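Good morning, and thank you for the time. I would like to take you through one model, from the overall architecture to a few local details.

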Amino acid sequence: MSDATGGNAINPNTMSIIVTKGSLDWAYPPFILGTTAAAMGLDVTMFFTFYGLPLLLKKMDLKVTPLGNAAMKMPMMGGHMVMPNLVAAIPGVDAMASKMMRNLIKKNGVASVEELRDLAVEADVRLIGCQMTMDLFDYKVEDMIEGIEVGGAATYIEVATKSHINLFI
Amino acid sequence: MADKVLDAKGLNCPLPILKAKKALKDVPDGGTLEVLSTDPGSVADFQAFCRTTGNELVEHDEEGGVYRFLIRKT
C-alpha cells in the first residue's frame, strides 16, 4: 500500500503532539500524554509552537487565568467556585488563582510541569521548538533547555507522516 | 515475593505508570515488580500499560484504599 511515507507502513508505536498552549493548566495534557506514551514504548515527538514554546524555557513561570474560563471551577469550602470575569480581571487575581492551582496540584500528588518535562527528556522524547515562534517572540535557543531541536512546519510534517498518532493540543 | 517493590502511594496520574516503567528497568526478564498505589485511576491504567507493553499483569487487588499490582517483566 502506498502512502505519504513512500510505501512504508507506519510504525504503530509512534506519536507526535503539537503543543500550542503554555498556561499552567494547558501544559499538563501534552506532557502527561507524551511521557506516558514514552513509558508505554512509543517514540514520541513534541513540537512546541506559539504559546506552547515557553514550555521549553529553562525557567518556566507558568500561570493560569480564570478570565474568560467558564469551565474553571475551583473547589472551595465544600463547593465549586467560578470567578466572575469582572473579578478575574483585577490585577493580582491571576497570581492568586495560579497559587491556588499549585496548591491543588501538590495536595493531589500531581507532578509539577517541570517534573514531567524532566521525565520527558529522560525518556528521550524528541522536543522541537518552532523557529518562527522563537523569532516572533524574541526567544533564543540559549534560553531553552538543552537537547531540544529547532525546526519549522516542514520538520513537523515529516514527523507527522511517520507517526501513527498525531495530536494537536 | 516480588523482585522489586515500588511505593507509588499518594502519587497521581501519570506518575505511578512513569515510575513503574523506570522501576521495571531494574527487574530482570521474567522477574516481577510489585506496585502500590492509592490512585483509583491506576487500576485501568496498569491494565492498559501491560496490554500495550506486553508485560504481564499477574494479579491486582485492593485493600484499605491501597491498590497492589504484580507485574511480570517480559
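What we have here is a predicted model, in which local features need pLDDT of at least 70 and side-chain atom pairs count only at pLDDT 80 or more, while totals for chains, interfaces and linings use all residues. Residues are numbered from 1 along each chain as its sequence is written, and chains are lettered from A and ligands numbered from 1 in the order in which they are written.

I start with chain A. In sequence order, its elements read β-α-β-β-β-α-α-α-β-α-β-α-β, which amounts to 6 helices and 7 strands. The C-alpha trace of chain A extends over about 60 × 35 × 25 Å along its principal axes. I call a residue buried if 20 or more other C-beta atoms lie within 10 Å of its own, exposed if 12 or fewer, and partly exposed in between, with C-beta atoms placed from the backbone. By that criterion, 29% of the 169 residues of chain A are buried. Two residues are in contact if their C-beta atoms, placed from the backbone, lie within 7 Å. Taking contacts in chain A between residues at least 6 apart in sequence, 73% connect residues at least 24 apart.

A:His164 sits in the loop between helix 6 (153-161) and strand 7 (165-168) of chain A. Is A:His164 partly exposed or buried? A:His164 counts as partly exposed because it has 14 C-beta neighbours inside 10 Å. Leaving aside residues up to four places away in sequence, A:His164 touches A:Ile10, A:Asn11, A:Pro12, A:Thr14 and A:Met15.

Now to the contact between the chains, which takes 11 residues from chain B and 11 residues from chain A. On the chain B side, helix 1 (15-24) and helix 2 (42-53) each supply at least two residues. Helix 1 of chain B gives the most, with 4 residues.

Which residues of helix 2 of chain B are buried? They are B:Ser42, B:Asp45, B:Phe46, B:Phe49 and B:Cys50. These residues lie on the same side of helix 2 of chain B, because they cover an arc of only 130° around the axis, the arc being that of the directions from the helix axis to the C-beta atoms. B:Ala44 and B:Arg51, on the other side of helix 2 of chain B, are exposed. The buried residues pack against helix 1, strand 2, strand 3 and strand 4 of chain B.

That brings me to strand 4 (residues 66-72) of chain B, whose covered face holds B:Tyr67, B:Phe69 and B:Ile71. Two strands pair if DSSP finds at least two bridges between them. Strand 2 (residues 32-37) of chain B pairs with strand 4 of chain B in the antiparallel sense over 6 bridges, and B:Leu36 stands opposite B:Arg68. Strand 3 (residues 56-63) of chain B also runs antiparallel to strand 4 of chain B, joined by 7 bridges, with B:His60 opposite B:Phe69.
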